[in-house]
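Subject: Structure for your review

Dear colleague,

Please find the structure below, with the sequence alongside. A description of what was found follows, and I would ask you to read it with the model open.

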Amino acid sequence: MNTNDDPPRGTSSRERDRRNRWRVTIWALAWAFSFAAVTLGIKKEWWSSGVTLAAVIGTALLGLATVLAYRLFLRETDELRRKIEVEALALAFGVGVFGGLSFWLLAVSGAVEVKDFAFLFVAMILTHPLAVVLGYRRYS
Amino acid sequence: MKNRLKVLRAERDWTQADLAQRLEVSRQTVNAIEIGKYDPSLPLAFRIARLFKMPIEDLFDPDTNT
């Protein structure tokens, strides 16, 4: 039994966060590897259309697993970390959607020439960890 | 929102890490609450009050900013 003088035993929040972050990292790396392999496979025409479809679905499932692992991390982490992560997600979402749509308008108007919008995904992926770091600095 | 967390913690000779472990939050959360940069959720505020055995309104003063 815990008293006020005895800190709670068992899995600490730090251990739990480490475990959950590790899960997110593993799934994200698996997704990234699968995404790269499938992209290369499609470009080089390694597989038949049936195998390609299965590979795309497999990659999407790995992405879903990454999202679910991240959701578990958000649910179980302590509340300040959750706030920082959610604020970072909001910023990354804003960069992707509003930055992307602004750029799209520029492309439609002919002000800029754009071949694809893949850089937007890169911008979102980079914005999130940067916003997390800035969030930790803001609250410390 | 001003609070007495730092004083109460010091009275018990606890570090921020000690308090964080008792509240099952991160040390950063304890630090952010103490310096007034973060207001805890209602469940966490109740946990703090229970730990220090005092009413929430004796711990937190919503009318002042730090």
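A residue is called buried if 20 or more other C-beta atoms lie within 10 Å of its own, exposed if 12 or fewer do, and partly exposed in between, with C-beta atoms placed from the backbone. Helices (H or I, at least four residues) and strands (E, at least two) are DSSP runs, numbered from the N terminus.

Residues are numbered from 1 along each chain as its sequence is written, and chains are lettered from A and ligands numbered from 1 in the order in which they are written.

Confidence in chain A

The pLDDT is the predictor's confidence in each residue, from 0 to 100. Chain A averages 88, and 92% of its residues score at least 70. Within chain A, confidence is highest in helix α2 (residues 49–76), at 95, and lowest in helix α4 (residues 118–138), at a mean of 91. Where pLDDT is low, the predicted coordinates should not be read in detail.

Chain A

Chain A has four helices and zero strands. Along the principal axes, the C-alpha atoms of chain A fill a box of roughly 65 × 40 × 15 Å. Of the 140 residues of this chain, 10% count as buried.

Two residues are in contact if their C-beta atoms, placed from the backbone, lie within 7 Å. Among contacts in chain A between residues at least 6 apart in sequence, 75% join residues at least 24 apart.

Helix α3(A) deserves a separate look.

A:Phe73 sits in helix α2 of chain A. Is A:Phe73 buried or exposed? A:Phe73 is buried, because 20 other C-beta atoms lie within 10 Å. Leaving aside residues up to four places away in sequence, A:Phe73 touches A:Asn20, A:Arg21 and A:Val24. A:Asp116, by contrast, is 43 residues from A:Phe73 in sequence and 33 Å away in space, C-alpha to C-alpha.

Chain B

The secondary structure of chain B comes to five helices and two strands, which run β-α-α-α-α-α-β from the N terminus on. Chain B has a radius of gyration of 11 Å, which agrees with the value near 11 Å for a compact globule of 66 residues. Its C-alpha trace spans about 30 × 25 × 20 Å along the principal axes. Buried residues make up 27% of the 66 residues in chain B.

B:Asp13, in the loop between α1 (5–11) and α2 of chain B, has a positive phi of about 60° although it is not a glycine. B:Asp13 counts as exposed because it has 7 C-beta neighbours inside 10 Å.

Where the chains meet

In all, 15 residues of chain B are in contact with 12 residues of chain A. On the side of chain B that touches chain A, the largest share, four residues, comes from α3(B).

A nonpolar core is a set of buried Ala, Val, Leu, Ile, Met, Phe, Trp, Tyr and Cys residues joined through C-beta atoms within 7 Å. The largest such core has 15 residues, of which B:Ala20, B:Leu23, B:Val30 and B:Ile33 touch the most other members. The elements giving two or more residues to this core are α3 (79–109) of chain A together with α2 (16–23) and α3 (27–34) of chain B. The largest share, four residues, comes from α3(A).

Yours sincerely

Conventions. Predicted model: local features only at pLDDT ≥ 70, side-chain atom pairs only at ≥ 80, totals over all residues. Rg over C-alpha atoms; globule rule 2.2 N^0.38 Å.
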